[in-house]
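The topics are grouped below.

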Amino acid sequence: MRRLPDPARDAIVATACFAVGALLYRFDLYELWAGPSDVPLGWRLLVLCIACTGQLLRTRAPLAGAFIALSAASVDVALGLSAPVVIVLMDLLHMATLRGSKRTGQLITGLVVTTAIGIAIGIALTVDGWRTAVGSGLQIFSVLVMPVWWAVNLRQHRSYTEQVARIAQLDRRAAVTAERSRMARDLHDVIAGHLSAIAIQSEAVLSMAERDPETVKTVLKSVRENSIQSLAEMRTMIDVLRADDEEPDEPASARLSEVGRLVDSARAGGLTVELTGEAPAELPVAVDLAAYRIVQESLTNALKHAPGARVEVALDGAGRRLAVTVTNQWRGPSTPGTGSGLVGMAERAQAVGGTFDAGRVDDLWRVRAELPLAGSL
């Protein structure tokens, strides 16, 4: 259903209040406090009409509307305060406190509380009988304090709701940022791992195309395997992005049990790789993937920065932690890099509660990660 514009709704409210008030006046159901009993009905309706005029501004200029209603109520007090005018005044005080600025709401609250306390004290000093004084005080509270108090509570609730929505928005942004960071890390692993190997191996093929056909065939076979693996992992990442699951599974092929394929690819690129030790048969999925990516990135860095070097990959799954150590001869950076590979390896190790260290040790470059096994996560 289409919502009416604010001016139309204000006009409906003003008309309804005037109609109800006219009925109360017609059947003498309007007196709140004793006043002149011979006031003509026309005067009552005129004062009510002025008050209802303020309701035409209840959403666009609520403070001005409240001032108009307060002026009409001052005249109505002289005639004998009546229920219809009080209803209009309560509505406009509520709207002025709710719709006005924060400063306006605080000003109205202070004025209303001060006025109510002053009137209550005056009633207590001038009215005989505590029952009458209490009844009059409750009427003052209902007329002045109640609508303002209600509006203040609504403002606070709206403020809390906005804060919760803001926090939820920040949480969503943080989740998106974290997911983008994870996807960027995975993309780097795929591109730096497989495609860098393809580029290096292709260069090797070009340099020996006419001298060693068997080696060329081996390198081309490795290039093909790296290409297929790269395409498979990219396809898996695209499927992850399209999936509805909140925590999609990682690519099943990126497991430490496939480390032999990484070693073969590195050897085809010209490295002399020695693999020692082995990982436990059953590894937590996150640890398995992190260890695989760390070995992959370490071999890629060795291919880029120490081509033809001797590399040792050591796996040690004894105890409650899996140790992954990759060392190669230090030859200095032969290819410029961004350092994102080392950052990605450190992030992967820390994500599963492990530790990571990389640096030069004598004439070697060493990468070492210790990852917790099941039971110590």
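**Helix α3**

Helix α3 comprises residues 62-79, 18 residues in total, and its first and last C-alpha atoms lie 25 Å apart, close to the 26 Å expected at 1.5 Å a residue. The model is predicted.

- The buried residues of α3 are P62, G65, A66, A69, A72, A73, D76 and L79.
- They span an arc of only 130 degrees around the axis, which means that they sit on the same side of α3.
- An α-helix has 3.6 residues a turn, so residues three or four places apart point the same way.
- F67 and A78 are exposed on the other side of α3.
- The packing partners of the buried α3 residues are α1 (6-26), α2 (41-55) and α4 (83-99).

**Helix α10**

- Helix α10 has 12 residues (340-351), which should span 16 Å at 1.5 Å a residue; the C-alpha atoms at its ends are 16 Å apart, so the two values agree.
- Buried positions in α10 are G341, G344, M345, A346, R348 and A349.
- G353 follows α10 and has a positive phi, near 85 degrees.

**T355 in strand β4**

- T355 belongs to strand β4, which covers residues 355-361.
- With a relative accessible area of 44%, T355 counts as partly exposed, because that class lies between the 20% limit for buried and the 50% limit for exposed.
- Leaving out residues up to four places away in sequence, T355 touches R321, A349, R368, A369 and E370; of these, A349 is one of the buried residues of α10.
- A323 is 32 residues from T355 along the chain, and their C-alpha atoms are 9.6 Å apart.

Technical notes: Residues are numbered from 1 along each chain as its sequence is written. This is a predicted model: local features need pLDDT of at least 70, side-chain atom pairs count only at pLDDT 80 or more; totals for chains, interfaces and linings use all residues. Side-chain values use heavy atoms; hydrogens and water are left out. Helices (H or I, at least four residues) and strands (E, at least two) are DSSP runs, numbered from the N terminus. The expected span of a helix is 1.5 Å times one less than its number of residues. Buried means under 20% relative accessible area, exposed over 50%, partly exposed in between (1.4 Å probe, protein chains only). The arc is that of the directions from the helix axis to the C-beta atoms. Contact means heavy atoms within 4.5 Å.
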